[in-house]
Amino acid sequence: MIRLIGAELLKIRSTRMWLGMLALSLGFSLMSVAVYIAFAGMEVNGEQGIGPVTDPDTVRALYASSSAGVLFMMILGIMGITGEYRHQTITGTFLLTPRRGRLLVAKLISYFLFGAAFGLATVLVTAVVAVIALAIRGGSTNPLDHDVPLILGGAVLAMALYSLVGLGLGALIRNQIAAIIVAVGWVQLVEGIITVALPEVGQWLPAGAVRAVTLTSSAFGGSGTLDTLPAWGGALLLLAYGLAFAAIAMVTTVRRDIT
Amino acid sequence: MISIEGLAKHFGPVRAVDGLSFTARPGMVTGFLGPNGAGKTTTLRMLLGLVKPTAGRALINGRPYAMLERPAVEVGAALEATGFHPGRSARDHLRISCAASGIPESRVPEVLELTGLTGDADRRVAGYSLGMRQRLSLANAVLGEPKVLILDEPANGLDPAGVHWLRSLLRGLAEAGCTILVSSHVLPEVEQTADHVVIVARGRLVRDAPLAELIGTGGELRVRTRRAAELAVALENAGGQVRREDDRLLVTGLEPEEVGKAALHVEAVLTELVQERSGLEKIFLELTMAELSAHAGAPGAPGVPDGTPRPDETDRPEEAAAVPGQEDRT
């Protein structure tokens, strides 16, 4: 199993796809930080949108920005399996590892590890930028305040688990383009609508789980009125999504003939 | 040792492989021959655990492929349509195979050297020609120094020098005691490499015999001489069947030596004595023609003259006429 994980990690590292996903994930997080910093404390039509930088909620939201690019971790996971079908490397992969269940487990572990490493990188960069931004705007710069360590840890976990979800989804759908369209449509559209319209359902969706692990209970970051699971519940929920997709894929698509 | 036992695969109503049995033994190259769509690729894919058989089983050293603990060190396979990630280098592809199978990475430069890819090893595969991809497939197959090799159309895309290299590589491995199963629809390739030939058509076994036996029977000799009429009579008297076209005779049922003796007897000066078609070629052509007419719905399908079409010429219309899904060549 360790051999297989080594091979999978080498597969990810030997093409440049991961660089793109890392860049996108970082870009999204930093963009989100920029938005919070720019609009913090600003009044729109006499109402305050985002609290001032001295507000703990704003600080939390700022750090939770590091999970803004989870979608790209999902895409990383999707490409990890659908790319094998697309480039027909799946034939060689199954020749090396004819027991397909083992391969899927190795992939799940590898992508969890890779997602965690990406999460760590994104969180570190985002946190550094956030601290600097807060210092400039006169907010709290102590990264140990306001549950920040918990939020950052949650963001790393969310990234790792999202790549797992993507892998499971990709194994199920197999077609790369279709899987990515489903993922983007789901994350950008369906989840957003359900989260706002039916928050009691929304908390059970992957996006709700990310809110839970990053201690966010508003659609715009910070604490709000949305129903949200406890952090550990969110982590378990994401893990369950990843494993459930992978399990369904294992008994359906992964078993199929490779022709 | 490879044993195929009553193997069958049905895709809906299409019987791609239909109760096939044969063995490939160590120390020899077994040619797996058949027109396109005969079920060769499907058979190999079942042998390698990629496709689940409808019935029967395929064993390597007595076990199904999926039961092998480290398949890459027992069986080397190069399948058609095995992909490489375009963004990954040849060296990285091989390193991944090493990592997954516990093969030391020191094998990577060795197989790159063996397949002549050393100079291009660090380039991305996207820029590779078909021949280079084929070499990479072969490099990957021999990475774990397996004693069983399964190659699907390995000469496709290789230049003549590459084909020659491949032939001597396979011969050398067979002499070292390896079991080698090579599929092909190109006849000369098999005639020059194989010791034993298994011919399939429409998923069924047609012939399973040593190459020498197939070549020896039913071949045709082309003889050219000014004294064609006299020689024709002499050859017929010697027990041959002769067709005459001006100064050219097409002879079946006689060995070259017997033709020479007859020529000496009637004092005919031979300007040409050629083994026109081997028995293997004859069987194969009959098969492809039968397939052609079966698919096209008419005997002697367009583009194929009735005379002596070369097998590589018959390939094209055959491909076009192949039933979709009967064999996967994508």
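**View 1. A loop residue of chain B, Glu267(B).** Glu267(B) sits in the loop that links helix 10 (256-265) to strand 13 (270-277) of chain B. As in every view here, what you see is a predicted model. Phi of Glu267(B) is near 55°, a positive value in a residue that is not glycine. For orientation, most residues other than glycine have a negative phi. Is Glu267(B) buried or exposed? Glu267(B) counts as exposed because it has 9 C-beta neighbours inside 10 Å, and 12 or fewer is the cut-off for that class.

**View 2. A loop residue of chain A with positive phi, Gln88(A).** Move over to chain A, and you will find Gln88(A) in the loop between helix 4 (70-86) and helix 5 of chain A. Here too phi is positive in a residue other than glycine, with a value near 60° for Gln88(A). Gln88(A) has 17 other C-beta atoms within 10 Å, so this residue is partly exposed.

**View 3. Where chain A meets chain B.** How many residues of chain A are in contact with chain B? The contact involves 24 residues of chain A and 30 residues of chain B. On the chain A side, the elements that give two or more residues are helix 1 (2-13) and helix 5 of chain A. That side of chain A divides into eight nonpolar, 11 polar and five charged residues.

**View 4. Helix 5 of chain B and its packing partners.** Helix 5 of chain B covers residues 130-141. Its 12 residues reach 17 Å from the first C-alpha to the last, close to the 16 Å expected at 1.5 Å a residue. The helix is mostly covered, with nine of its 12 residues buried. Among them are Met132(B), Arg135(B), Leu136(B) and Leu138(B). What do the buried residues of helix 5 of chain B pack against? Within chain B, their partners are strand 5 (75-78), helix 3 (90-101), helix 4 (107-114) and strand 6 (148-152). They also pack against helix 5 (89-96) of chain A.

**View 5. Tyr65(B), a buried loop residue.** Look for Tyr65(B) in the loop between strand 4 (55-60) and helix 2 (71-74) of chain B. Tyr65(B) is buried because 21 other C-beta atoms lie within 10 Å, where 20 or more is the cut-off. Leaving aside residues up to four places away in sequence, Tyr65(B) touches Pro98(A) from chain A. Its contacts in chain B include Leu47(B), Leu48(B), Ile60(B) and Val75(B). Ser183(B) is 118 residues from Tyr65(B) along the chain, and 18 Å separate their C-alpha atoms.

**View 6. Strand 7 of chain B and the strands it pairs with.** Six of the six residues of strand 7 (residues 179-184) of chain B are buried, so the strand is largely enclosed by the rest of the structure. Thr179(B), Leu181(B) and Ser183(B) are on one side, with Ile180(B), Val182(B) and Ser184(B) on the other. Strand 3 (residues 28-33) of chain B pairs with strand 7 in the parallel sense over six bridges, and Met28(B) has Thr179(B) as its bridge partner. Strand 6 of chain B also pairs with strand 7 in the parallel sense, over five bridges, and Ile150(B) stands opposite Leu181(B). From strand 6, the chain passes through helix 6 (residues 160-175) of chain B to strand 7, in a right-handed β-α-β crossover.

**View 7. The two domains of chain B.** The domain assignment of chain B gives domain 1 (2-209) and domain 2 (220-277). Taken over C-alpha atoms, the centres of these domains are separated by 42 Å.

Notes: Residues numbered from 1 in each chain as written. Chains lettered and ligands numbered in written order. Predicted model: local features only at pLDDT ≥ 70, side-chain atom pairs only at ≥ 80, totals over all residues. Helix = DSSP H or I, 4+ residues; strand = E, 2+ residues; numbered from the N terminus. Expected span 1.5 Å × (residues − 1). Contact = placed C-beta atoms within 7 Å. Nonpolar A, V, L, I, M, F, W, Y, C, P; charged D, E, K, R; others polar. Domains from an automatic or database assignment. Pairing = 2+ DSSP bridges. Right-handed = clockwise from strand over helix to strand, strands pointing away.
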